[in-house]
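Colleague: I have not seen this structure before. Could you take me through how to read it?

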Amino acid sequence: MARSKATLCTWLYCPGLLGCFLLGFLAGWFTKPIEKTPNSSDVYQNVRQRLVAEMKAENIKQFLRTFTRLPHVAGTEQNLLLAKQIQDQWKEFGLDSAELVHYDVLLSYPNEKQPNYISVIDDQGNEIFNTSLFESPPQGYENVTGILPPYNAFSAQGVPEADLVYVNYGRTEDFFKLEREMGINCTGKIVIARYGKIFRGNKVRNAVLAGAQGIILYSDPADYCAPGVSAYPDGWNLPGSGAQRGNVLNLNGAGDPLTPGYPAKEYTFRYKVNEGVGIPKIPVHPIGYHDAEVLLRAMGGPAAPDSNWKGSLNVSYNIGPGFTDNSSTRKVRMHVHMNNRITRIYNVIGILRGAVEPDRYIIFGGHRDSWVFGGIDPTTGAAILQEVVRSFGKMKMEGWRPKRTIIFASWDAEEFGLLGSTEWAEENVRVLQERAVAYINTDSSIEGNYTLRVDCTPLLYKLVYNLTKEILSPDEGYENKSLYESWLEKDPATENNSYPRINKLGSGSDFEAYFQRLGIASGRVRYTKNRKADKFSNYPVYHTVYETFEIVEKFYDPTFKKQLAIAQLRGKLVYELADSQVIPFDCRDYGEALKGYSNRIYKLAKKHEEQLKTYKVSFDPLFSAVVNFSKAAAEFHRRLEQVDKKNPIAVRIMNDQLMFIERAFIDPLGLPGRKFYRHVIFAPSSHNKYAGESFPGIYDAMFDIENKADQHEAWEEVKRQISIAAFTVQAAAATLKQVA
């Protein structure tokens with residue numbers, strides 16, 4: 001009986017205990033701190049504003065100062081040390097990982113025992129004038145070691161002797177002028193061309209096609225000195241001894257010359273060095289304008305055909321070949337000795353893993369290697385990359401993560417042909433084709449200090465316009481106005497001046513493999529010169545020893561506010577692409593762009609109206625495809641506005657269509673003669689790698705078509721290229737239709 005009573009009491013007591021437990025548990029649950037998740041409002045609120053506010057001009061300045069103390073050419077110990085420093089900092093900043101990724105690529109250096117120079121020789125072969133072996137070092141850098149003398153990477157070796165011919169900028173049209181109008185044959189000659197207008201590799205290729213046995217490149221003050229500005233260090237103009245370094249390859253997107261199309265790893269098959277892709281067969285060497293003046297002053301032959309062939313040196317700019325009467329027996333001798341060798345390079349790859357869609361990648365990359373100190377190129381971009389990584393890292397350390405994964409990249413060996421970025425793209429091609437949403441480039445952030453310059457896919461137009469409206473302009477006289485307003489006022493678009501100008505992507509930086517080969521939506525932004533008023537080419541000290549931290553601090557951006565504005569814009573682009581629920585692309589802008597590009601190429605073709613009729617060339621299929629694309633884009637965005645944002649599958653389907661639209665313009669066969677350029681809408685110009693060309697297949701087929709020997713065959717190729725373009729645009733339109 002006692003046991004039964006005890007049992008009864010226990011049963012009566014238990015509910016009380018249970019009730020107390022539940023009350024305590026619930027009280028504890030509702031009063032405990034809520035665990036922070038990626039979508040928690042206290043973490044997510046104003047992340048973009050906090051991200052931008054975290055970026056500091058002083059930090060960018062310190063990164064720039066630190067990274068430019070010593071030369072850091074690709075393949076050198078100093079550039080590896082800088083890679084390790086960046087890797088360590090990225091880990092400290094809070095990225096999930098930061099790894100060094102290596103490749104073994106062909107690099108090119110001057111021979112240390114046999115210097116490169118140009119001579120004038122008399123009829124006995126005696127050298128009576130020699131160009132400088134080095135640039136005069138800038139103040140404060142006299143004792144710095146490891147500065148390579150001016151040279152053109154991947155030049156052929158040799159000691160050719162010949163008469164000299166002045167070829168202006170060495171453009172296709174310049175050689176046409178010489179050969180077709182002036183009757184001057186460059187075969188067997190050494191030519192001298194001034195830098196500017198086009199990529200130096202295109203100048204070399206043109207010289208090879210003209211039969212020259214060597215080419216000398218120089219920077220004319222007309223192209224590399226601004227009027228009324230002193231030479232560095234008193235101003236930002238190029239000193240007379242300054243000579244522009246740079247590679248002279250014609251890779252056409254191949255990457256490492258010995259492993260075209262495949263990553264340069266230990267297991268990869270390699271061509272022999274003399275079989276490498278795009279390596280010129282003639283010697284090339286750069287000189288300063290003081291030395292060039294000596295050569296040009298002695299030139300004989302006819303006068304320059306017009307004022308466009310004259311620079312601003314105190315010479316007549318005669319064409320040659322050869323020197324004037326009293327020096328007619330003299331010739332030019334080139335001494336070019338190179339050391340091309342397979343060398344290990346290192347990319348730094350940092351990962352900030354996405355919380356919702358970790359299999360969708362935003363890539364933010366720029367190169368680290370420079371020709372000397374890299375005060376502008378690339379380190380004004382590398383410093384911004386560092387500050388953007390630091391800001392994203394801080395947000396992550398406070399509990400936030402982006403929806404999509406962000407990949408940060410410090411590329412190596414960009415100056416040697418975009419090698420680091422291209423090799424990484426080749427190694428990861430299958431993954432990138434399936435997962436990459438966008439690539440934002442972070443090369444030099446300033447090439448001038450007048451206004452913003454944007455080059456990007458039409459998919460990014462609206463995003464760029466919207467983001468620039470949120471950033472304060474750093475321009476003097478535009479206080480309390482937006483970056484968009486100063487940009488619009490200073491550089492309105494030619495075709496519609498109610499919007500600022502946006503350029504087509506060409507090449508010349510690390511976005512190339514991602515956009516031109518893989519079809520990943522890409523963009524780049526930086527500050528630039530006044531393209532209407534400033535007639536000098538690029539910035540004057542480009543790729544010289546004078547490109548130092550001090551030239552940025554004293555002349556280009558003393559407050560570092562312009563670089564901060566670029567950091568904010570690049571950072572916001574990355575953030576929006578990584579964290580917006582719907583990828584912020586607008587296909588309708590692509591439709592408008594295609595309409596403009598098709599009208600432009602047709603207008604070009606109309607110059608040959610008789611041939612269009614004779615050979616039955618019609619652009620109607622292309623125009624029809626463009627109309628269909630625009631309709632599909634409009635319908636797609638109508639559906640996008642109505643999509644159920646709470647349905648992750650529905651959103652993912654639309655996002656995938658947006659992600660793959662750029663991919664839809666890729667032709668796996670590539671452009672004729674340029675198989676690694678596969679984008680049918682955009683490619684670097686065949687005549688200037690730096691410039692972008694629209695409908696490049698059609699454009700190249702029509703270039704100089706009136707001088708083609710077989711007119712029927714030439715116009716058949718035009719028709720073939722129109723067919724490819726029409727199919728591609730129509731196929732792209734189909735990818736925007738509602739998923740069955």
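Colleague: How many helices and strands are in the chain?

Modeller: This is a predicted model, and its chain holds 23 helices and 19 strands.

Colleague: What does the radius of gyration say about the chain?

Modeller: The value is set against the globule rule, which gives 27 Å for 740 residues. The chain has 29 Å, close to that figure, so it is as compact as a globular protein of that length. Along the principal axes, its C-alpha atoms fill a box of roughly 135 × 70 × 60 Å.

Colleague: What share of the residues is buried, and what share of the contacts comes from residues 24 or more positions apart?

Modeller: A residue counts as buried when its relative accessible area is under 20%. Here 59% of the 740 residues do. Among contacts with a separation of 6 or more, 79% join residues 24 or more positions apart.

Colleague: What is the accessible surface of the chain?

Modeller: About 30500 Å², with carbon and sulfur atoms providing 52% of that area.

Colleague: How many positive and negative side chains are there?

Modeller: There are 87 positive and 85 negative ones, and the centres of the two sets are 5 Å apart.

Colleague: Is C587 buried or exposed?

Modeller: C587 is buried, at 0% relative accessibility. C186 is buried, with a relative accessible area of 0%.

Definitions and conventions: Residues numbered from 1 in each chain as written. Predicted model: local features only at pLDDT ≥ 70, side-chain atom pairs only at ≥ 80, totals over all residues. Heavy atoms only, no water. Helix = DSSP H or I, 4+ residues; strand = E, 2+ residues; numbered from the N terminus. Rg over C-alpha atoms; globule rule 2.2 N^0.38 Å. Buried < 20%, exposed > 50% of the residue type's maximum accessible area, 1.4 Å probe, protein only. Contact = heavy atoms within 4.5 Å. Areas by Shrake-Rupley, 256 points an atom, 1.4 Å probe, with all protein chains shown as cover. Lys, Arg positive; Asp, Glu negative; His and termini not counted. Charge placed at Lys NZ, Arg CZ, Asp CG, Glu CD.
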